[in-house]
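Hi,

Here is the structure I promised to pass on.

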Amino acid sequence: MIQGAFWGILIPFLGTSLGAGCVFFLKNSLRDGIQRALTGFAAGVMVAASVWSLLIPAMEQAADLGRLAFFPAAVGFWLGILFLLLLDHLIPHLHQNSLQAEGPKSQLQRTTMMVLAVTLHNIPEGMAVGVVYAGYLAGTAQITAAGALALSLGIAIQNFPEGAIISMPLRAEGMKKGRAFWGGVLSGIVEPIGAVLTILAAGIVVPALPYLLSFAAGAMLYVVVEELIPEMSQGQHSNVGTVFFAVGFSVMMVLDVALG
């Protein structure tokens, strides 16, 4: 069981690393249309994971509250939103295709702030995987190994394009291929670290599981609305991003229902 959880929390990180490896095989930066498609796909996966893997289980586990079963999910959801809003203001970062950095003023290089931007939205994904596996390991939260694996696979699938989306622009900024690859890899390292820390705190996590599941959902949806949707919608032919949002949503929905 523990070994399965160990590999499960590494799957999303593997997805990021494989995506970052695209920098060795692609000569130029990704075309705008491809970037919009990949960003839309990632957004669709995150929204579906937030609903099927996090919010619905949070309400199911609070079913003994009767009509107030929504309360832990609503509270945790808003705490997740506010947490990411706080990080957005505390950490200097630069979104892709943006000329102006967000957060406090700093002397950090553009490439560093680009990595920080991706790292920011990997935090809730790592938390989500960690919370689900903590519930599975505790054996008291009605979370199956297949359901936890479905979330890991879904996050890994959407992490693949994210790894490419960060390593390719770093290469375009003048970084050598090796450094651009490691920049993409390091942007995803917070996921297994966050997952392991969550699992280690399983004794605290399980009683608060409905709140923590919805916390991760709120944090992920903040990232989707604040960052991914604007990126997939800018420029001409923005319907490409919308179509791939639907593809990503469908893939994660099928994974969760089929495996969960």
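Before the helix packing, one convention: angles between helix axes run from 0 to 180 degrees and are taken between N-to-C directions, with each axis being a line fitted to C-alpha atoms over the stretch in contact. On that scale, helix H2 (residues 32-61) packs against H3 at about 140°, and the two axes lie 7 Å apart. Angles over 145 would count as roughly antiparallel, so H2 comes out as oblique to H3. On the H2 side the contact is made by Leu-55, Ala-58 and Met-59, and on the H3 side by Phe-70, Ala-73 and Phe-77.

Keep in mind that this is a predicted model. Mean pLDDT for the chain is 83, with 91% of residues at 70 or more. Among the elements, H3 (residues 70-90) has the highest mean at 92, while H8 (residues 202-205) has the lowest at 67.

Back in H2, take a look at Thr-39. Its relative accessible area is 4%, so Thr-39 is buried. Apart from neighbours within four places in sequence, Thr-39 is in contact with Ile-165, Leu-228, Glu-231 and Met-232.

Then there's H5, which covers residues 145-172. From first C-alpha to last, its 28 residues reach 40 Å, close to the 40 Å expected. H5 does bend, by about 25° at Asn-159, and Pro-161 follows within four residues. H5 is mostly covered, with 20 of the 28 residues buried. After H5 comes Gly-174, which has a positive phi, near 110°.

Cheers

How values were computed
Residues numbered from 1 in each chain as written. Predicted model: local features only at pLDDT ≥ 70, side-chain atom pairs only at ≥ 80, totals over all residues. Heavy atoms only, no water. Helix = DSSP H or I, 4+ residues; strand = E, 2+ residues; numbered from the N terminus. Expected span 1.5 Å × (residues − 1). Bend = angle between axes of the 7 residues up to and from the residue. Buried < 20%, exposed > 50% of the residue type's maximum accessible area, 1.4 Å probe, protein only. pLDDT = per-residue confidence, 0-100. Parallel < 35°, antiparallel > 145°, perpendicular 65-115°, else oblique. Contact = heavy atoms within 4.5 Å.
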